[in-house]
Amino acid sequence: MNFHIQYQGRTVPLNQGETVLEALERTGIDVPSSCRAGACQTCMMRATEGSVPHAAQAGLKETLKKSGHFLSCICRPAQNLVCEPAHTADFRGPVTIQEIRPLGPDVVLVQLSRPPNFDFNPGQFVTLRRADAVSRSYSIASQRAALDTLDIHVRRVPQGQLSGWFHQEARPGDELWLEGPKGDCFYYPGNPEEPLLLIGTGTGMAPLFAVALDACQQGHTGPISIYHGALSADRFYLVEELQELTRAFPQISYVRCVLKGPAESGIQVGELKDIVLSGLTDPKQKRVYLCGDPGLVRILKKQIFLAGVSMNRLHADPFVGTGA
Ligand SMILES: Cc1cc2nc3c(=O)[nH]c(=O)nc-3n(C[C@H](O)[C@H](O)[C@H](O)COP(=O)(O)OP(=O)(O)OC[C@H]3O[C@@H](n4cnc5c(N)ncnc54)[C@H](O)[C@@H]3O)c2cc1C
Ligand code: FES
């Protein structure tokens, strides 16, 4: 049986196996999207009639689920739906690039103007849209105290539309449209002694650094273990900053893991997931954060859950790109 969706007054038939996003795009309706894989929430909608499959609400807060919100890029309805744009982001508006400077071999810091009253928790992410509607998500690397600016760290992806633009063409004064903040990858105060485990690859370190610093600034006293994975030692960035953090806050430990190369001081050689899992003690006490490479984040999330960490203490942002 074929179903249809109604969206902003138009009725669109759904082809076999099609997502809501695909059906709307096929008929020429413009819907903002980015990862197209259920990770960035850019395509979120709300069903006002009909119910959506559970899978289309994966990762959403309970309040959003109950109010019928869903991710249109992973929603294959099993009944007719009436839906509308979600408009859930606390802030939607323009921001301006203030500064761009290199942070590592393939990573730049992009400093954006912070809109007045833009409130966030360090480690959450925002979605940025360029004038030509190319839209991607980036984690917030800065702290709340930076009143005028918002920092993001952008790794250059080969042939990447937005990351390539940030690295080569974007200039101070260029304007972007920002929506956010989104996501639950941030420090949860109230339990200062709980052990925190932070695991990331690439620019996954941007939100994790922000979470660790925020935790310490809020008086966290329990151990904070940071694992930073890369293919080889020359691919790391933020190393000095992280080492400095461990000196400032002795409860933080920082381990770099490489897939290949010599084991040096502070560097372990092997699969990041094996190194993390072999050191995972007291899983029931831990709160875990995972950011970066989508494949690794998904595998680790599953294995850490199977090892005993409860799902509501597992916060994961897979940096899913388009076409993943
Ligand atoms: C919640 C969330 C948070 C994110 N936070 C950050 C962040 O803080 N810093 C950051 O640098 N990125 C982050 N990303 C990834 C970012 O949104 C973009 O996907 C990335 O910058 C690539 O966009 P692009 O336009 O340059 O590449 P595209 O033009 O979209 O893609 C170009 C080609 O590269 C492939 N590709 C896309 N992304 C990747 C990738 N990550 N690795 C390998 N191949 C890829 C595509 O399939 C395509 O073939 C985040 C993503 C999500 C969902
Ligand atoms: S969650 Fe649908 S486009 Fe990212």
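Author: Two strands count as paired if DSSP finds at least two bridges between them, and with that criterion in hand we can read the sheet of this predicted model.

Reader: How many bridges join strand β14 to β15, and do they run parallel or antiparallel?

Author: Three bridges join β14, residues 252–258, to β15, and the two strands run parallel; as one detail of that pairing, Cys257 has Gln268 in β15 as its bridge partner.

Reader: What is the strand order of the sheet, and which strands form its edges?

Author: The sheet is open and has six strands in the order β15-β14-β13-β12-β16-β17, paired in parallel. Its edges are β15 (267–269) and β17 (314–318), each of which pairs on one side only. On average, neighbouring strands of this sheet are turned by 15 degrees against each other, direction ignored.

Reader: Which strands does helix α4 touch where it packs on the sheet?

Author: Helix α4, residues 205–217, touches β12 (196–201), β13 (224–230), β14, β16 (287–292) and β17, and its direction makes about 155 degrees with that of β12. Helix α7, residues 294–306, also packs on the sheet, touching β12, β16 and β17, with its direction at about 165 degrees to that of β17.

Reader: Which residues come nearest to ligand 1, and what classes make up its shell?

Author: Of the 27 residues around ligand 1, Gly160, Leu162, Ser163, Thr203 and Gly321 come nearest. By class, the shell has 12 nonpolar, 12 polar and three charged residues, and β9 (135–139), β10 (149–155) and α3 (161–168) each supply at least two residues of it.

Reader: What domains does the assignment give for the protein chain?

Author: The assignment gives domain 1 (4–85), domain 2 (91–182) and domain 3 (196–318), and the C-alpha centres of domain 1 and domain 3 lie 33 Å apart.

Notes. Residues numbered from 1 in each chain as written. Chains lettered and ligands numbered in written order. Predicted model: local features only at pLDDT ≥ 70, side-chain atom pairs only at ≥ 80, totals over all residues. Near = placed C-beta within 6 Å. Helix = DSSP H or I, 4+ residues; strand = E, 2+ residues; numbered from the N terminus. Nonpolar A, V, L, I, M, F, W, Y, C, P; charged D, E, K, R; others polar. Domains from an automatic or database assignment. Axes fitted to C-alpha atoms, helices over the stretch in contact; angles between N-to-C directions. Contact = placed C-beta atoms within 7 Å.
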